[in-house]
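Colleague: I have a model open and would like to learn how to read it. Please take me through it one feature at a time.

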Amino acid sequence: MPKAKFFEGSYPELNKSEQRFVNKYIKDKIFDENWTILHSTNIHDPAAGSWKTGTEIDLILMSPKYGFIQLEIKGHGYSVEDGFWYKYEKGVKKRIPREKEPIQRLELKESTLRNCFANIAKGKSGFGERLKSKEIKLIPTISFIVWTTKSKKDFTNSQISEANSIFLGDGEFTENKSLENYLVKKAQKNIENRHKGDLTTNYYKDILGESFINTAVEIFKPMQTSDGIKKLSADFNLLAENATNQQMEIYQSAMDFGTTRHRIVGPPGSGKTLLATSIAKALNQKDEKVLLMCFNKLLAQKLKKDLAEFKNITVKSLWSFLVDFDLKWTEQVDDDEFGIIKLSDLPPDKSADHIAKFLLNNLDRIVEKTSFNALIIDEGQDFSEKYWDFFKFLVNEQLNNRWFIFYDTKQSLTHTSWEAPHFGENSNTKHLDLVLRCTQEISNKSQNVFDDLQLLARNNGVDPEFIEIDDESWNSTISEAIMLLKKLVEKEKFDPSQITLLAPHSSDEEKIRNTKYSNTKSIEGLGINVSSVYRFKGLENDVVIFLVPSIKSLEAIYIRNPLNLIYVGMTRAKSLLYVIGSSNIKNIVNWEKS
């Protein structure tokens, strides 16, 4: 007889009954059936949005034969009077709104559990493919409220009954076996009622099996609240559901001071910036001085504001760092290809030659005026690899000399080839694989831009939309964008701040901003964020409308990888992505590829 495969995390502070129930009926107990059990799991329906359906499930019991059994654990303090529910909180009896009454909440959580699993599983191979093809049409699911101190008689003339509740106060379930037998009979009855008794003795085992369990664990285990994630959340203001096991592993390795060089690789939206700032905050608390650098000026401004309270963290964009040491962008240089030319007029991969010389020529001065214990570089792929020798010298001259670099080669825009710095001993390379920002549908379209990329997202959502224009003009593109904005803002009631209009380059922004949205407002006057892909790197929004009229519109002196530009633009969207462009753009991004 097996023990349950029980994943223990962190118990809610306001529900002591849950841990007591687990200790008595679940943890280290012997069962007749094979159960996999999770508790305190934060889930949501990806199709509806986490802001609408986010909820915590107390216990999810998963069986290869019976599907899901959801248990909500309720202790003292509940009562029903004249058809209304009440709960005591800190000695005060408060009425529970209808929509939050226990049975309504139980039904909502069951629905969210089914939808969460189905929507995410369909984006996975194996069991998910069988679900998506409708080979599997139903995951059996039943739900109960477990009243740890109540009896049936406590809820006469209410919605509460044995159909939806288990009453431990009646003394019927003295140990885990009696409770297991009861749940198995209920699960079997549920399946029999739906399938009219046409079942094997193993019930759904031939249909669900271990592949169902493996898929469910893969989906729900990262959503479980753990002590580590709660600590990270408390220390660094991370939402528990946003911290993945990979992030926790990297964070823990970052706190190992025996390893001094860290390379962290991950696709857009995998939490690189979030993890970089979390590590910076942790080092700050240990009185370590941190220099946090990124490429994007807007991202640097945001990080500087977010981290203003941490006295040991200095935030710099690469450009502000260079200007601090008197690099002048208007200065003329003698370039081997372009001749005498302003530094600012050179393509980035060419200006990098001159900047690298400047850094090495001024190394002693920069070292003298720069002091830190750890260098953290975010958006590393936008730093020329020609700078690595300088940064190696700079870091080696510092006390503790620790260096973290976060990057994604697919997001490099300004260099035809790029490599991360080569580290020797006391170094590691870690990977973040799970996309947290975008839905799986947005990730699918984004990965189609390249032939060798596969992105896995935590959440499913709405298919992105390509709006094809007949010609390749900016006028047609902006006209389509205005019609789309009217639909999103006026009909679907999106707040303008939730929407970003992205253009390939900064030179395109003005024509978009000044276009009239209505007789009295321009697009900018509406409150829509308008940006170039280059300026919006490292940032995100709920809705992104990416305007790409033609292949020519991608060209610029600083762009060496036009496909990377499209990839970066598309991956700024969290929930909804629209691309407006010509058929040529649709073809080069492989939009129709399944």
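The dialogue below goes from the whole chain to single residues.

Modeller: This is a predicted model, so local features need pLDDT of at least 70 and side-chain atom pairs count only at pLDDT 80 or more, while totals for chains, interfaces and linings use all residues. Residues are numbered from 1 along each chain as its sequence is written, and side-chain values use heavy atoms, with hydrogens and water left out.

Colleague: How many helices and strands are in the protein chain?

Modeller: Helices (H or I, at least four residues) and strands (E, at least two) are DSSP runs, numbered from the N terminus. The protein chain has 20 helices and 24 strands. Along the principal axes, its C-alpha atoms fill a box of roughly 90 × 60 × 50 Å.

Colleague: Into which domains is the protein chain divided?

Modeller: Domain bounds come from an automatic or database domain assignment. Here they give domain 1 (5-238), domain 2 (244-432) and domain 3 (439-589). Between the C-alpha centres of domain 1 and domain 3 there are 40 Å.

Colleague: What share of the residues is buried?

Modeller: Buried means under 20% relative accessible area, exposed over 50%, and partly exposed in between (1.4 Å probe, protein chains only). Of the 594 residues in the protein chain, 56% are buried. For areas, the method is Shrake-Rupley with a 1.4 Å probe, and for residues only the protein chains shown count as cover. The protein chain exposes about 27,200 Å², and carbon and sulfur atoms supply 46% of that.

Colleague: How many positive and negative side chains are there?

Modeller: Lys and Arg count as positive and Asp and Glu as negative; His and the chain ends are not counted. Each charge is placed at NZ of Lys, CZ of Arg, CG of Asp or CD of Glu. The protein chain has 81 positive and 82 negative side chains, with the centres of the two sets 5 Å apart.

Colleague: What does Phe404 touch?

Modeller: Contact means heavy atoms within 4.5 Å. Not counting residues up to four places away in sequence, Phe404 touches Ala254, His262, Ile264, Ile279, Leu283, Ala374, Leu375, Ile376 and Ile377. For the whole protein chain, residues 24 or more positions apart account for 71% of the contacts with a separation of 6 or more.

Colleague: And Leu59, is that buried or exposed?

Modeller: Leu59 lies in strand 3 (residues 55-63) and is buried, at 0% relative accessibility. Beyond residues up to four places away in sequence, its contacts include Phe21, Leu38, His39 and Leu71. Leu59 and Ile585 are 526 residues apart in sequence and 48 Å apart in space, C-alpha to C-alpha.

Colleague: Where do Ile103 and Leu106 sit?

Modeller: Ile103 is in helix 3 (residues 102-121), and Leu106 lies in helix 3. Ile103 is buried, with a relative accessible area of 5%, and Leu106 counts as buried at 5%. Leaving aside neighbours within four places in sequence, Ile103 is in contact with Ile145, Gln159, Ile160 and Asn164. On the same terms, Leu106 touches Gln70, Glu72, Ser143, Phe144, Ile145 and Asn164.

Colleague: Which loop holds Asn448?

Modeller: Asn448 is in the loop between helix 15 (440-447) and strand 19 (456-459). This residue is buried, with a relative accessible area of 4%. Not counting residues up to four places away in sequence, Asn448 touches Val589, Asn590, Trp591 and Lys593.

Colleague: What is the phi of Lys134?

Modeller: Most residues other than glycine have a negative phi. Phi of Lys134 is near 70°, a positive value in a residue other than glycine. Lys134 lies in the loop between helix 4 (127-132) and strand 8 (141-147) and counts as exposed, at 62% relative accessibility. Asp326 has a positive phi of about 75°; this residue is in the loop between helix 11 (318-324) and strand 13 (332-335) and counts as partly exposed, at 45%.
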